[in-house]
Amino acid sequence: MRLPVASGVRSMAAMLRRAGVDTPEHDAKLLIAEAAGVALRDVDKAMLMGDSLTVDMPRLNDMASRRAAREPLQYIVGHAPFRFLDLAVGPGVFIPRPETELVVQEGLDWLASRHIDAPRVVDLCAGSGAIGLSVAAEMPTAEVWAVELSERTAAWARRNADAVLAPHGRAVGRYHLSVADATLPGTLEELDDTVDAVISNPPYVPELAVPSQPEVRDYDPELALYGGSSDGLAIPGLIIRRAFALLRDGGLLVMEHDITQGGALVAAAMGAGFTQVRTGFDYTHRPRYLVAVKGRQGGGQRA
C-alpha cells in the first residue's frame, strides 16, 4: 500500500505520544522505514518532498501497536545501532545504550595511546556483545574474551559475533565468548595478570530504584539491570576485584556505572589496589564510568 509519509508520521506520532512514548516522531519514522524496507533518511526525504512510500501496512500496524504498548523499539525492529555496528537484539538481551559507546571509546583511546599492537581485552558481562565486538571490529589485531552469565543472552552475542566478524577477516577467531559468572575468581583465571584492558558494563541499578520506563522495567532482563544490592554496588564491586586480578601491571579498567555511584566506585577501585583512578562523564556531563589503572606504570607493552 502507498502511504503518504508526512501524514502517516503525524498520525502514528500522535498515537505514540498519547501512549507516553518519549520520542514519538522519531519512532514513527523508524517504524515506517522498517515497514517500507528503506533507510530513515528516505523517510525524511519523502516527508520533505511530500511523497508516498510503499509499505507493508499489516506489519506497520502491528509494530505501531506494540510500540504503543511500550515494547522497546529495538525489540520490535530486531536490531539496535552501537558505534559502527548494527546488533541483533530481542527478548532476553539488554539493549545497548549510547552511554556505553563512550566507555568503549575510552578503552580504545587508551590502547591506541599506549601503542599496544595486539592488545588483550576482556568484556565482562557481555550482553549482546556490544563492547567486545566493537573492540574486535575496530581493532582487529586485538584478542578479545567476553563473559556472559545467561545462556539465553549469550545466544544473542554469538549471533552478533557471526554477523559482525565475518566482514573483518582478521578478527575472526580472535573473539572468545564464555558462559560463566564474571565475578568469580575462576572465570578466565588463565588470563590473570596478562590482560591489557577490561571494559565492562555490569548490572548496576540499585535494587530499590526500579526504572519508571516500561521499556526498561518490563523488558530489559533483571539479570542485566540490578547490581545485587540496595545501592547497586555489589556486582560492580566484584567486577573491580576480578578486573584487578585479570589485568597486568599498568592495565586499564573502564566500567560503566549509575550516576550516583562514581565516588563509591572510585573508593572501591583504590581499595582493590588500583592507583590511578578517576570518573568519566557521559554526553550530558553526568558521572557515568570508572577509569582505573593497575599499578604505577600506566601503560606500555606486556612483558
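Guide: Helices (H or I, at least four residues) and strands (E, at least two) are DSSP runs, numbered from the N terminus. The model is predicted, and local features need pLDDT of at least 70 and side-chain atom pairs pLDDT 80 or more, whereas totals for chains, interfaces and linings use all residues. Residues are numbered from 1 along each chain as its sequence is written, and side-chain values use heavy atoms, with hydrogens and water left out.

Visitor: At what angle does helix 11 run to strand 9?

Guide: Helix 11, residues 234–246, lies across strand 5, strand 8, strand 9, strand 10 and strand 11 (contact means heavy atoms within 4.5 Å). On a scale from 0 to 180 degrees between N-to-C directions, with axes fitted to C-alpha atoms and, for helices, over the stretch in contact, helix 11 runs to strand 9 at about 155°.

Visitor: Which strands stand at the edges of the sheet, each with a single partner strand?

Guide: The open sheet is formed by seven strands in the order 7-6-5-8-9-11-10, with mixed pairing (two strands pair if DSSP finds at least two bridges between them). One side of each edge strand has no neighbour in the sheet, so the strands in question are strand 7 (175–179) and strand 10 (274–281).

Visitor: Which residue of strand 11 stands opposite V254?

Guide: Strand 9 (residues 247–256) and strand 11 (residues 287–294) are paired in the antiparallel sense over five bridges. Opposite V254, the residue in strand 11 is V291.

Visitor: How are helix 2 and helix 3 oriented to each other?

Guide: Helix 2 (residues 24–36) packs against helix 3 (residues 40–49) at an angle of about 105°, and their axes are 8 Å apart. Angles under 35 degrees count as roughly parallel, over 145 as roughly antiparallel, 65 to 115 as roughly perpendicular and the rest as oblique. The two helices, helix 2 and helix 3, are therefore roughly perpendicular.

Visitor: With which residue does R67 meet in a salt bridge of 2.9 Å, N to O?

Guide: By the rule used (a side-chain nitrogen of Lys or Arg within 4 Å of a carboxyl oxygen of Asp or Glu), the count comes to 20 salt bridges. R67 is linked with D27, R70 and E215 in a network of these. The partner of R67 at 2.9 Å, N to O, is E215.

Visitor: Is D282 buried or exposed?

Guide: D282 meets R286 in a salt bridge (3.0 Å, N to O) and R288 in another (3.5 Å, N to O). Buried means under 20% relative accessible area, exposed over 50% and partly exposed in between (1.4 Å probe, protein chains only). R286, at 31%, is partly exposed, whereas D282, at 7% relative accessibility, counts as buried.
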